Amino acid sequence: MKTIILAFYFLFIYTSYSQKKENFQLLSPNGKIEIKIVVDETISWSILNKKDLFLAPSAMSMTLDKNVILGKNPILLNTKKESIRTSFETPFYKKKSVQDHYNQLVLNFKGDFSVEYRAFDDGVAYRFLTKKKGNITVKSEEVVLNFDQDYSTLMPYVRDLRNPKDPYISSFESHYENKKISEFAKDTLAFLPFLIDLKNQKKAVFLESNLQDYPGMYVTNNKSKSGFEARFPKYPLQEMNGGFNFLNKLISQRTDYLVTTNGNRNFPWRIVVISENDAALTNNDMVQRLSEPSKIKDVSWIKPGKVAWDWWNDWNIYKVDFQAGINTETYKYYIDFASKNKVEYIVLDEGWSVETNIMEHNPKVDLKTLIGYGKEKNVGIILWCSWMALHENIDVIFKNYSDLGVKGFKIDFLDRDDAKMVNSVYEIAQKAANHKLLLDFHGMYKPTGIQRTYPNILNFEGVKGMENNKWTPNDDVPTYDCSIPYIRMMSGPMDYTPGAMRNATKSEFKPSNSNPVSQGTRCHQLALYTIFEAPLQMMADSPTAYIKEQESTDFIAKIPTTFDETVALNGEVGKYISIARKKGSTWYLGAITNWNGRDITIDFSFLEKGKTFEADLFTDGLNAEKAPVDYKREKITVDSSTKMTFHLASGGGLSAIISAK
């Protein structure tokens, strides 16, 4: 009898302890941002900025196989709180080094799992950690975002119809839809990052980082319509060829779990960046901070730069004595152009090989000759291929083309971010590094920090780039251009592919395949080379077009693709933006606007005090409203005390290279 009573006593003590409500607080270093954590029957958090609640209590949990739920009736064992201040070097980024200062709280629970929270001065993040032996199977993860009111959002919806039965097949290219939380399109998914317009002009952007051996996160509306809840693609079970030219692996059947993974690991970070100033979003380092350091010890062979690109301009060169197209003569011409203009690379896009077997070349393209010719001219060759043609024979393909002297690959049509694809991206990155090959991932989900871990990945698409101008007549491109630096670019570099020398007004724009046109002015295009982050930056127009516009070409060629310092000057999401970046002793300035022309004031206080500078300045011409190719070039003297007002035409911009006298 005593044994039974004693057993009930310990059961009572255990139950009481497991359901004991505990509250925790974690403040940012400056005290402005607060995380409130409640451990009860569930684990939840809420977020306040300057004591204003915006994320109401929101639950988090992770379900493993055998119905083990990390976060349900959790038993807290202990906690650890600390403050961290450090920094790290970033050789291929928008600044030389990143400051990393945060307060951290780790809650350790019975069942060999923990939840780690970090509070920065510009946002917050959390992640699950497990310390289990062997492998575990993750069935689902609960990520809930409950808001205190019905805020406006800028949300990129999945808009891909290649496989209607599987919404997780996506090119991750969508304009942002401005809707209230309650107006989230029913039965749809949106991918990250997305933006919430908070009270008092504050903004919050939701991201993820350190996505390894795990699927990417999407959101859908929750049942109460006051927020969102996460969705994740299940692990693929069966795949089939499909999509454009059958270059994709579409999923015909998925399992009932997300991933089977190492039981002793850290899971991806769930991130909320908070800003009281729109412009500050364009210079945020959160994804870099929350990513793993480089796995490549020697990065001296990694050379960022610009790329003369063939596909956007449809190989459309003329006034030459050969038939332009996908052939050796045309690519020699691209190499000559790149060499003359000090452009580091050319890319051979689709057509140089058999699309499904890139070991079999187009007989009209003498690759060995081109590689040798490029070497003579100091121009590297980058090859396009589909992921499907590469992933089953990576070692052979990479060794073959590395031995030939190819500098890298542009890999296209991944179009998924389930755990199998994420793992493939990491495998490709490592094997490319083994052969000292650069990578540009096209048809790709947003970067989530792998660019720090594998800095040989210089660029990612995951953006509705200028290629869409070739077929979409109704897109509002200038507004999108003025939105992505505040949202998508927070994840990392963007293979947007700027550089159009043919420029059109809103009323005159129409798609064209062989003579593609940009929306907005010439100066808008020039400014994108400073504003858009891309260590491997395309020059999308044809050599013929650039030669005709040599003044613009010379200017573009002088703008670097990585920087030592970045200063966010001013801007408003979707309306305009101005940024200054520094490389060595030279500053680069870019500003763009949407279809609304406007006057903007540039404060040059970012310049070093006591020095005088000369600005080589391109601004919209007086007639740019009707003739967007019109611009004015002038050289002006400025210093740190200078403030100047400039007019940006409709869809316009300005760009400057500022050198010390």
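Reply: The secondary structure of the chain comes to 12 helices and 39 strands, where helices (H or I, at least four residues) and strands (E, at least two) are DSSP runs numbered from the N terminus. The model is predicted, so local features need pLDDT of at least 70, side-chain atom pairs count only at pLDDT 80 or more, and totals for chains, interfaces and linings use all residues. Residues are numbered from 1 along each chain as its sequence is written, and side-chain values use heavy atoms, with hydrogens and water left out.

In the chain overall, buried residues make up 61% of the 661 residues.

Strand β4 pairs with strand β3 (residues 43-49) in the antiparallel sense over six bridges, pairing being assigned if DSSP finds at least two bridges between two strands. Leu48 has Leu53 of β4 as its bridge partner, and the two strands form a hairpin with two residues between them, in whose turn Lys50 has a positive phi of about 50 degrees.

With strand β5 (residues 68-70), β4 pairs in the antiparallel sense over three bridges, and Thr63 has Ile69 of β5 as its bridge partner. Three residues lie between the strands of this hairpin, where Lys66 takes a positive phi near 60 degrees.

Strand β9 (residues 123-147) also pairs with β4 in the antiparallel sense, over seven bridges, and here Ser61 has Glu142 of β9 as its bridge partner.

Definitions and conventions: Buried < 20%, exposed > 50% of the residue type's maximum accessible area, 1.4 Å probe, protein only.
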